[in-house]
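Q: Please take a close look at one part of this model for a reader who is new to protein structure. After that, please relate it to other places in the chain that deserve attention.

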Amino acid sequence: MQSARSVAGFWIIAAMLLVAMASSAVPSPIYPVYAAEWHLTPLMLTGVFAIYVAGLLVSLLVAGRLSDHVGRKPVLVVGGLGVVASLALFAVADGLGALIVDRIVQGVSVGLLIGSLGAALIDHSLEAHPNLAGVLNGVVPPVALAAGALSSGALVEWGPAPEQFVYVLFGVLLLLMVLALWIVPERVTRRPGALRSLRPTISVPRSSRRLFRSVSGSLVASWALGGMFLSLVPSALSAVFGIENHFAAGALIAVVTGVGALTGLAIQRLDTRIAVFVGLVGLILGPVLTVVFVVAHALPGLVVGSAVAGVGFGAGFQAPLRMLLATAAPTHRAGLLSTIYIVSYLAFGVPAVVGGLLEPAVGFVPVIAGYGAFIVLAAAVALVLQLVSRDAADVEEQAAETLERTATGSVRAVRTAD
């Protein structure tokens with residue numbers, strides 16, 4: 001019988017993952033306000049975005065496996081307090097330099113959190129619903145991005161102290177989550193190698209490597225699409241459509257991430273190989289429709305394209321994630337999740353930086369068109385490989401079978417030595 005503390009711990013960790021990831025999307029709808037007040041160019045704002053991604057990647061590379069050695073809770077406390085500190089700094093920011101410092105602190109702290117939170121969620125899997133932890137690992141990030149963008153856009157447009165209140169709100173919520181960690185049992189036994197684990201490395205356990213190669217293209221296309229909507233689309237609403245309402249920017253982001261989350265829920269009982277295929281098709285059609293309607297200045301069409309892109313974002317990330325997590329032993333979960341997020345955030349950040357560099361010279365519409373073409377190309381290559389590679393089909397079938405056995409409770413985890 002699973003203890004009440006473990007059940008409570010599961011939901012505390014899920015809530016902490018939601019709040020932490022949501023806080024990372026809070027600044028996006030506020031960027032136009034900063035740009036107007038502090039005379040920031042799109043290139044400067046893209047630089048701020050890139051600094052966040054760089055801090056997160058460094059943190060994942062250095063500390064991604066740390067919680068597999070020292071335990072989940074110490075890493076969660078440090079990472080959670082770091083995000084709280086970054087939100088406090090945002091609330092008193094007074095210029096570009098402050099934004100850069102804030103985003104560095106936030107990126108490093110979120111990097112500490114995401115791998116450890118995802119692994120902790122699986123550590124406390126509910127005995128009555130063993131597959132739920134894997135589902136939430138895929139569903140919570142897009143739900144969180146939607147919640148963060150929507151709440152930020154609404155509070156900036158209609159709330160008090162638009163540049164402060166939203167940060168205070170999320171900071172208080174996350175601090176409460178950190179305090180609640182004392183209830184959560186520690187499932188990881190301390191083991192040697194903590195200092196060695198801090199050497200920058202990308203760690204994929206042997207049991208997951210073939211599958212990782214098979215589905216990495218889907219991860220890249222999914223998060224590149226997320227980066228396009230979080231970094232450039234809010235500014236494009238103003239530049240292309242003349243929409244200055246800050247809630248509208250958050251709402252458009254929420255269309256992609258919200259549909260992505262609903263897609264993740266809808267594909268729970270779908271064969272994960274079919275779900276990957278659905279995701280890749282959505283990642284091809286969604287950006288094509290989005291770019292076409294941006295060029296045509298058709299706002300309703302842009303919303304439709306964003307919704308289709310959301311299907312791709314949800315299925316293209318969550319189905320591979322669930323398969324990968326089913327192949328990893330408990331002692332390798334945080335390292336594997338960190339590697340997944342390293343690949344994802346590189347795809348999330350690098351194209352956005354390139355787009356920001358090119359925008360002053362060529363304008364928003366050509367940059368978004370090129371960005372969309374990159375996503376379509378990545379998804380198309382991944383789709384072709386899925387269709388023609390016998391090896392990919394075999395390894396995905398094995399992972400899908402393991403995931404099915406985990407969902408029915410017949411196995412708890414794959415225990416394979418690295």
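Where does His39 lie?

A: The model under discussion is a predicted one. His39 is found in the loop that runs between helix H2 (31–38) and helix H3 (42–63).

His297 is placed in the loop between helix H13 (272–295) and helix H14 (299–326). Its relative accessibility is 49%, so His297 counts as partly exposed.

From these loops, one may turn to another loop residue, Glu163. Glu163 is located between helix H7 (132–158) and helix H8 (165–180). This glutamate is buried but takes part in no salt bridge. The nearest side chain of opposite charge belongs to Arg103, and it is 14 Å away. A salt bridge requires the nitrogen and oxygen atoms to lie within 4 Å. Apart from neighbours within four places in sequence, the residues in contact with Glu163 are Ile30, Val33, Tyr34, Glu37, Trp38, Phe90 and Ala91.

Other charged side chains do form pairs, and the count of salt bridges comes to two. In one of them, Asp123 meets Arg72, with a distance of 2.7 Å from N to O. Asp123 belongs to helix H6 (residues 96–123) and Arg72 to helix H5, so this pair ties together parts that are 51 residues apart in sequence. Asp123 is buried, with a relative accessible area of 17%, and Arg72 is buried at 3%. Another salt bridge joins Asp271 to Arg273, whose closest N and O atoms are 2.6 Å apart. Here Asp271 is partly exposed at 28% relative accessibility, and Arg273 is partly exposed at 30%.

Ser218 sits in helix H10 (residues 209–231) and is buried, with a relative accessible area of 2%. A polar atom of the Ser218 side chain lies 2.5 Å from the backbone oxygen of Gly316. When residues up to four places away in sequence are left out, Ser218 touches Val276, Leu280, Leu283, Gly316, Pro320 and Ala382.

Finally, the surface carries a nonpolar patch of about 790 Å², whose members include Val77, Leu81, Phe165 and Leu179. Helix H5 (72–91) and helix H8 are the elements that give two or more residues to this patch. The largest share, eight residues, comes from H8. Leu179 is placed in helix H8 and is exposed, with a relative accessible area of 53%.

Methods: Residues numbered from 1 in each chain as written. Predicted model: local features only at pLDDT ≥ 70, side-chain atom pairs only at ≥ 80, totals over all residues. Heavy atoms only, no water. Helix = DSSP H or I, 4+ residues; strand = E, 2+ residues; numbered from the N terminus. Buried < 20%, exposed > 50% of the residue type's maximum accessible area, 1.4 Å probe, protein only. Lys, Arg positive; Asp, Glu negative; His and termini not counted. Contact = heavy atoms within 4.5 Å. Polar contact = N/O pair within 3.5 Å; in protein donor to acceptor, adjacent residues only side chain to side chain. Patch = residues over 30% accessible without salt bridge, like charges linked within 9 Å, V, L, I, M, F, W, Y side chains within 5 Å. Areas by Shrake-Rupley, 256 points an atom, 1.4 Å probe, with all protein chains shown as cover.
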